[in-house]
Amino acid sequence: MTRGEARRRSAADSGSALAAEAEGFLMARAHRAEAHQDAQDLCDALPWLTTAQAEDLTRHYVSHRIALSRRMLTATVHRAHELRDEYETRYQHLRRSLLRRHAACASGMLAFAVGVNSLLYMVAR
């Protein structure tokens with residue numbers, strides 16, 4: 001890889017990382033806004049709450065929902081890592097198995113070719 005290719009790849013990686021970070025930020029803001037709207041809908045359904053109680057309920061609801069989402073995402077990421085490790089292990093096992101089979105097949109074909117060549121040499125003599 002040349003230096004120019006390395007620089008382009010590095011720039012592309014940093015650009016995609018920045019885009020991913022921006023996307024994550026926007027998704028988090030949208031999730032917070034959705035949680036806040038759901039909390040307001042809940043407070044609207046409870047007309048006997050005072051303004052202070054509604055604000056307190058909204059604050060608790062939003063923080064609880066964000067914590068719940070964080071736990072769910074963390075568990076999902078953890079499971080994704082576990083699955084990736086399992087798949088990589090299985091892939092390596094299958095790859096080694098396939099390599100052994102091909103090596104055995106190639107050795108068998110070579111032995112067969114040597115045997116046929118020897119037989120033909122003996123018949124031709």
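This is a predicted model: local features need pLDDT of at least 70, side-chain atom pairs count only at pLDDT 80 or more; totals for chains, interfaces and linings use all residues.
Student: What makes Arg65 and Glu34 a salt bridge?

Tutor: Their side chains meet at 3.2 Å, N to O. A salt bridge needs a side-chain nitrogen of Lys or Arg within 4 Å of a carboxyl oxygen of Asp or Glu, so the pair qualifies.

Student: Where in the chain do the two residues lie?

Tutor: Arg65 is in helix H2 and Glu34 is in helix H1, 31 residues apart, so the pair links distant parts of the chain.

Student: Why is Arg65 called buried?

Tutor: Its relative accessibility is 16%. Buried means under 20%, so Arg65 counts as buried.

Student: Is Glu34 buried, exposed or partly exposed, and how do you know?

Tutor: Glu34 has 43% relative accessibility. That value falls between the limits of 20% and 50%, so Glu34 is partly exposed.

Student: Which residues are linked in a network with this pair?

Tutor: Glu34, Asp38 and Arg65 are linked in a network of salt bridges. The whole structure holds six salt bridges.

Student: How do you know that Glu88 and Arg84 meet in a salt bridge?

Tutor: The N to O distance between their side chains is 4.0 Å. The cut-off is within 4 Å, and the pair is listed as a salt bridge on that basis. Both residues lie in helix H2, four residues apart, which is about one turn of the helix.

Student: What makes Glu88 and Arg84 partly exposed?

Tutor: Glu88 has a relative accessible area of 45%, and Arg84 has 43%.

Student: What can be said of Glu86 and Arg79?

Tutor: Their side chains meet in a salt bridge at 3.8 Å, N to O. Glu86 is partly exposed at 44% relative accessibility, and Arg79 is partly exposed at 39%.

Student: Which residues line the largest pocket?

Tutor: The lining is made of Phe25, Ala28, Arg29, His31, Arg32, Ile66, Ser69, Arg70 and Leu73. Helix H1 (3–45) and H2 each give two or more residues to this lining. H1 gives the most, with five residues. The volume of the pocket is about 240 Å³.

Student: How do the lining residues divide by kind?

Tutor: Four are nonpolar, two are polar and three are charged. Arg counts as charged, so Arg29, Arg32 and Arg70 belong to the charged group.

Student: Why is Leu120 called exposed?

Tutor: Leu120 has a relative accessible area of 55%. Exposed means over 50%, so the term applies. Leu120 lies in helix H2 (residues 51–124).

Student: Which residues form a nonpolar patch on the surface?

Tutor: Phe112, Val116 and Leu120 form the patch, with about 310 Å² of accessible area together.

Methods
Residues are numbered from 1 along each chain as its sequence is written. Side-chain values use heavy atoms; hydrogens and water are left out. Patches are made of residues with over 30% relative accessible area and no salt bridge: like charges are joined within 9 Å, nonpolar side chains (Val, Leu, Ile, Met, Phe, Trp, Tyr) within 5 Å. Accessible areas come from the Shrake-Rupley method with a 1.4 Å probe; for residues, only the protein chains shown count as cover. Buried means under 20% relative accessible area, exposed over 50%, partly exposed in between (1.4 Å probe, protein chains only). On a 1 Å grid over the protein atoms alone, a cavity is a set of points where a 1.4 Å probe fits but cannot get out, and a pocket is an open set with protein on both sides within 12 Å along at least five of seven lines; lining residues have an atom within 4 Å of a point. Grid points are joined across faces, edges and corners, and a volume is the space filled by probe spheres set on the points.
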